[in-house]
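Subject: A structure for you to look at

Hi,

Here is the structure I promised to pass on.

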There are 2 protein chains.
Amino acid sequence: MTKPLTLAIFQSMMPGGTAYGSWRHPENTAPDYLDVDHWVSLGKKLDAAGFDFLFFADAYGSPDTDDRFFDIRIKDAGIGAADPLVVVSAIAAATSKLGIVVTASTTTEKPQSLTRRYATLDHLTKGRIGWNIVTGSGQAASARLFGEAMIPHDERYLIAEDHIQLSLKLWEQSWDDGAILLDRAAGVYADPSKIHDIHHDGPYFKADGFLTVPPSPQRTPLLLQAGTSGPGRDFAAKYAEAVFLAGGDAKHVAANIADIRERAERYGRPADSIKFLVGVGFITAPTTEEAQAKRGEMLSFSTVESAAAFYATLTGIDLLALDRTKPLGDVKTEQGQSGVERFSGADGVPPATVGEILEDYRRNGVNGSIFVGDPSTVADQIEEFIELTGADGFAIQPYLVPGTYDDFIELLIPELRSRGLMREQPEGSTLREHLFGEGRKRLPREHAGAQLQTPVS
Amino acid sequence: MTKPLTLAIFQSMMPGGTAYGSWRHPENTAPDYLDVDHWVSLGKKLDAAGFDFLFFADAYGSPDTDDRFFDIRIKDAGIGAADPLVVVSAIAAATSKLGIVVTASTTTEKPQSLTRRYATLDHLTKGRIGWNIVTGSGQAASARLFGEAMIPHDERYLIAEDHIQLSLKLWEQSWDDGAILLDRAAGVYADPSKIHDIHHDGPYFKADGFLTVPPSPQRTPLLLQAGTSGPGRDFAAKYAEAVFLAGGDAKHVAANIADIRERAERYGRPADSIKFLVGVGFITAPTTEEAQAKRGEMLSFSTVESAAAFYATLTGIDLLALDRTKPLGDVKTEQGQSGVERFSGADGVPPATVGEILEDYRRNGVNGSIFVGDPSTVADQIEEFIELTGADGFAIQPYLVPGTYDDFIELLIPELRSRGLMREQPEGSTLREHLFGEGRKRLPREHAGAQLQTPVS
């Protein structure tokens, strides 16, 4: 049975994007990322086309292994990260349906200020904001910048657990429904008995106060997660409403999805309460030959050194210093990032060699799969991938901005709609409704956040 | 000699504004503050009229003295603070000249993330962003919310000193001019030799890394400051490019301005390197009689209890519990906020009684002076106040949104322009140029931040 895909657009507020060197293409406007009109115009295009949401990756990091990688990343336009959270309202003001998801780290951000920012944005977007929860990315450099000790991967998930518990309490428990009266005649803006202090005394965060922002359409923003390490999967199973996975081998993706769905059920959540989106590139053209020519042009910008520098940024591991003919093996990553793990550990998938990993990063960028061909060929690839993996949709990784989206909109969308794979417009008005259907503006009853809604006094 | 005023618009992202109870007026749109269109439409109006900038006050706090004040503040629409930083880009996208200043606390925010946010916004606004530096506001409740110990007032200025030093290094030293090459043919986005790690090892903040955002038009946002305690004045004298003062007694304002100018000179800065803006309300109408009727209507919404609750929010002091016939005397405020001190300490100004303070807050709101009359009368009051105080302009406190601004624009601006008190449009394109003239996009040489620009390696 065909069901419509959930379709997100993958972006970062960086000059270089996710496809190495593609900024060098004369038609790529990605280097205009510091101009607000760049985002407003992109937002309008995506909104009109009916995509579910625009997703912003984010990290404070830069490669920390070696000066050589630092230099490569700078030349590659892989440095220059700006803060995506502050561009959201400009996009929101120019669009009507498009959701906007922004990454923020539970290690870097305090729950008290993070909840206020997202709650404000949930108002300004009229319920179209989502939070991609990360525990750190480019962590070594980020820790250095923040003058903090490097926190071990598993402890970061303990911090994340405490952070999300406090954040959910602040969003869900601070204000009862109906607290705002706006009674001008009586001079009563809100009912004080319906506003509650949160008392939280966790291992990492303490709070005694309430979220000052009145309840927003979604209260808790749509919660997304990307890590697929053990603790990452467990965190996703408990809290995430959408999970990003890197593309690549379909069996590996399928195994990850099945595992997280199973864990979710153990937390009392229905298996379909999480949408799985796979990071994929799309290169399409009227004919497959033209699409392959575009693919070749894109690869001409991409080097093994760039791929290694990017991998080092994500993981702290210098692949160029290792034997390319052997598997990565026991080299420990600092991250547990999904990008790192797209080769590791799924049953029946042989471990990739260092050389294969390098070539895969060079060819496929951060997200692991690129579908190439005329619209019908690509739509076939999509259907097959969905069938094999059980994924719900894609996070579309651009090779050109806005070229990738123009091709997708003009060529692929008509094909997808004719096959029942894409709606005319997202469902409902809020981002949560786009993913789960009209009427589901708030967290569902079985979610840990909704279960915190017991009134407190 | 007449010189044009610097004119700012005072706002907070709150339902109630600064004039107690004015949200109850049926024409006040202030309660729409969570709607992005409210801000876009206000921004467009102010931009077209030629104001220098829109200023957002901000605080996480709520009154912490007493449940009764908490209830009053909620009924008064004095609670509901959202995050103004995330609405800036929507306003910026819809305007061309208007500066936007946002308050943020050196106690709550980390320099590493704060500098990235403001640098991103300086790009998105094309150089129109400013930072109003506070060390805490509503500090007791904010500390409770953040689960932190209450930090003594003077120590907060030590934190602020360390914070601004690191922030200035990140903005001014991370990237040399000309670092961005954007050479698509050669595949060189930036020159790695022109990007430098900052090594900061201060008493409160440590960092080893660089600001990831490429240099923005102003690099350092325009720096503003509001506190007029001893350490506050010293901080302002060293770093501020504009200082907000509460209105009220002109002699008191004049003494504050003269003192800070003198301190600035001791830091090697010209006396005119700081612009002094006084928080003032304007109620104007075609005739003075009509203006006074508006003033009466506004006062009808305002009670002593509201004023006391607001004062408690700022200071932690319950004026209602004190003898109204006696001076405030030695009761220690937690804050050193300008609003608190508009009665304290200037030579020749007798100490106000508790009752006088209450009545002043009830009548004049947070900022202390309201000019009432027909356009010519108000313009006379303005000229006299400027003459007496040496101030450079005003932060205009609304009683009605957008009514106050409509009246100002339609009635007062023609009068001000005819007297040479207001330009047709702000000077230059960046906020710093609006205040200091075309060409001054960056911090001037004598500023502590510019002196940090010595290249590091």
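Below is what I found, starting with the interface and moving on to single residues.

A bit of housekeeping: this is a predicted model, where local features need pLDDT of at least 70, side-chain atom pairs count only at pLDDT 80 or more, and totals for chains, interfaces and linings use all residues. Residues are numbered from 1 along each chain as its sequence is written, chains are lettered from A and ligands numbered from 1 in the order in which they are written, and side-chain values use heavy atoms, with hydrogens and water left out.

How the chains meet

How many residues of chain A are in contact with chain B? There are 77, and they meet 77 residues of chain B (contact means heavy atoms within 4.5 Å). Together the two chains bury about 6500 Å², with 59% of that on carbon and sulfur atoms. Buried area here is the accessible area (1.4 Å probe) that two parts lose on being put together, summed over both.

The rule finds 15 salt bridges across this interface (a side-chain nitrogen of Lys or Arg within 4 Å of a carboxyl oxygen of Asp or Glu). B:E148 forms a salt bridge with A:K110, and their closest N and O atoms are 3.6 Å apart.

On the side of chain A that touches chain B, the largest share, eight residues, comes from α4(A). Helices (H or I, at least four residues) and strands (E, at least two) are DSSP runs, numbered from the N terminus. By class, that side of chain A has 42 nonpolar, 15 polar and 20 charged residues. Ala, Val, Leu, Ile, Met, Phe, Trp, Tyr, Cys and Pro count as nonpolar, Asp, Glu, Lys and Arg as charged, and the others, Gly among them, as polar.

How the copies are related

B:T220 sits in the loop between β8 (206–209) and β9 (222–225) of chain B. Is B:T220 buried or exposed? B:T220 is buried, at a relative accessible area of 0% (buried is under 20%, exposed over 50%, partly exposed in between, with a 1.4 Å probe and protein chains only). Its side chain makes a polar contact of 2.6 Å with that of B:E172.

B:V243, in strand β10 (residues 242–246) of chain B, is also buried, at 0% relative accessibility.

Finally, look at the backbone. The peptide bond from A:V401 to A:P402 is cis, with omega near 0 degrees, and the bond from B:V401 to B:P402 is cis too. B:L182, in strand β5 (residues 180–183) of chain B, has a phi near 45 degrees, a positive value in a residue other than glycine.

Cheers

Methods: A polar contact is a pair of N or O atoms within 3.5 Å; within protein, one must be able to donate a hydrogen and the other to accept it, and residues adjacent in sequence count only if both atoms are side-chain atoms.
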